Amino acid sequence: MTITAAIVGPGNIGTDLLTKLKRSKEIEVGYVVGVVESDGLARAREQGIKASADGVDWLLNQDPLPDLVFEATSAKAHLANAPRYAEAGVRAIDLTPAYLGPMVCPPVNLREHLDAPNISMITCGGQATIPMVHAVSRITPVPYAEIVASVASRGAGPGTRANIDEFTHVTSRAVAEVGGAEKGKAIIILNPVEPPMIMRDTVFCAISPEADRDAITASVHEMVAEVQHYVPGYTLRAEPQFDDPREDWDGNGRVALFLEVKGNGDYLPEYAGNLDIMTAAAVRVGELLA
């Protein structure tokens, strides 16, 4: 069965999302909504999609209403819009770090939240690194996990920059709550290097001295393959690197994982893997909800 969706926020993320959803057999985009006229709205109209710069007021006056809203605005905007979607009976997939609904990473915990009215897609760094933390934590306890997301400065638009504080807070929390670590920490780096760099992520997990390293390595490779089903450019740059236990690590050992996320090049450039993984993950969630 095909469901109808609206995209709220026709910026870079919203426009890339539209391009991906046009290939979907489960979701038909009926509306694209912004608050000012933009290239994203013009592109939507060119494709025969109803588009308006009159915001959520316009969307909620449409007949029929969409079954699903993809919100690609800002955390502040989603905090204001989410109660209105709920009142109208429209489910929301939130691509901002507002974190109103359960935090979801498709290969980790989506099936636990298929009935949720509002789903948080966490952050780009979360979508890239939480699968790896989970791959380790399902083999051995992870007392602490730290992720470092490095993205091209040119690939971080106004929305990404406006959400930087929320990014670190929400990603840190999700590394623990979704990834399975006892404690999480997240760091984002906007790198101005030219030509722009492809997204790189580093994941550090504290592990038990007795942890089965072969089992962790196998789990990591299995998870990478699962993410590649919807993000083909998601790759492990090297084999997991293990460090022996140290006293200043509370007697724990450590595994380090090094990732690259290359975008699919749908609307965004290939170096913008940080944005691409968010839109790809959101489409994955939407299709499984349909």
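The model is predicted, so local features need pLDDT of at least 70 and side-chain atom pairs count only at pLDDT 80 or more, while totals for chains, interfaces and linings use all residues. Residues are numbered from 1 along each chain as its sequence is written, and side-chain values use heavy atoms, with hydrogens and water left out.

**The annotated active site**

- An unreviewed UniProt entry marks Cys-124 as "active site"; UniProt positions follow the numbering used here, feature names are shortened, and annotations may be inferred rather than shown by experiment.
- Cys-124 sits in helix α6, where helices (H or I, at least four residues) and strands (E, at least two) are DSSP runs numbered from the N terminus.
- With a relative accessible area of 10%, Cys-124 is buried; buried means under 20%, exposed over 50% and partly exposed in between, using a 1.4 Å probe and protein chains only.
- Setting aside residues up to four places away in sequence, Cys-124 touches Phe-167, Met-199, Asn-274, Ile-277 and Met-278, a contact being heavy atoms within 4.5 Å.

**The annotated binding site**

- The unreviewed UniProt entry also gives a "binding site" at Gly-155, Ala-156, Gly-157, Pro-158, Gly-159, Thr-160, Arg-161, Ala-162, Asn-163 and Asn-274.
- Of these residues, Gly-157, Pro-158, Gly-159, Thr-160, Ala-162, Asn-163 and Asn-274 are included in the lining of the largest pocket.
- On a 1 Å grid over the protein atoms alone, a pocket is an open set of points where a 1.4 Å probe fits, with protein on both sides within 12 Å along at least five of seven lines, and lining residues have an atom within 4 Å of a point.
- Ala-156 belongs to the loop between β7 (145-152) and α7 (158-162), and its relative accessibility of 5% counts as buried.
- Beyond its neighbours within four places in sequence, Ala-156 is in contact with Arg-161 and Leu-190.
- Gly-159 lies in helix α7 and is partly exposed, at 32% relative accessible area.

**How α6 meets α10**

- Two packed helices are described by the angle between their axes and the distance between the axes.
- Helix α6 (residues 124-137) packs with helix α10 (residues 273-289) at about 75 degrees, their axes 7 Å apart; axes are lines fitted to C-alpha atoms over the stretch in contact, and angles run from 0 to 180 degrees between N-to-C directions.
- The two helices, α6 and α10, are therefore roughly perpendicular to each other, a label for angles of 65 to 115 degrees.
- From α6, the contact uses Cys-124, Gln-127 and Ala-128, and from α10 it uses Asn-274, Ile-277, Met-278 and Ala-281.
- By class, the contact of α6 with α10 has five nonpolar, two polar and no charged residues; Ala, Val, Leu, Ile, Met, Phe, Trp, Tyr, Cys and Pro count as nonpolar, Asp, Glu, Lys and Arg as charged, and the others, Gly among them, as polar.

**Backbone features to look for**

- A cis peptide bond runs from Asp-63 to Pro-64, with omega near 5 degrees, and Pro-64 is in the loop between α3 (55-59) and β4 (68-71).
- The bond from Glu-194 to Pro-195 is cis, with omega near -5 degrees; Pro-195 is in the loop between β8 (184-191) and β9 (199-207).
- Ile-122, a residue other than glycine, has a positive phi near 65 degrees; Ile-122 lies in the loop between β6 (118-120) and α6 and is buried at 0% relative accessible area.
- Asp-250 has a positive phi near 60 degrees; Asp-250 is in the loop between β11 (241-243) and β12 (253-261) and counts as exposed, at 72% relative accessibility.

Methods
Parallel < 35°, antiparallel > 145°, perpendicular 65-115°, else oblique.
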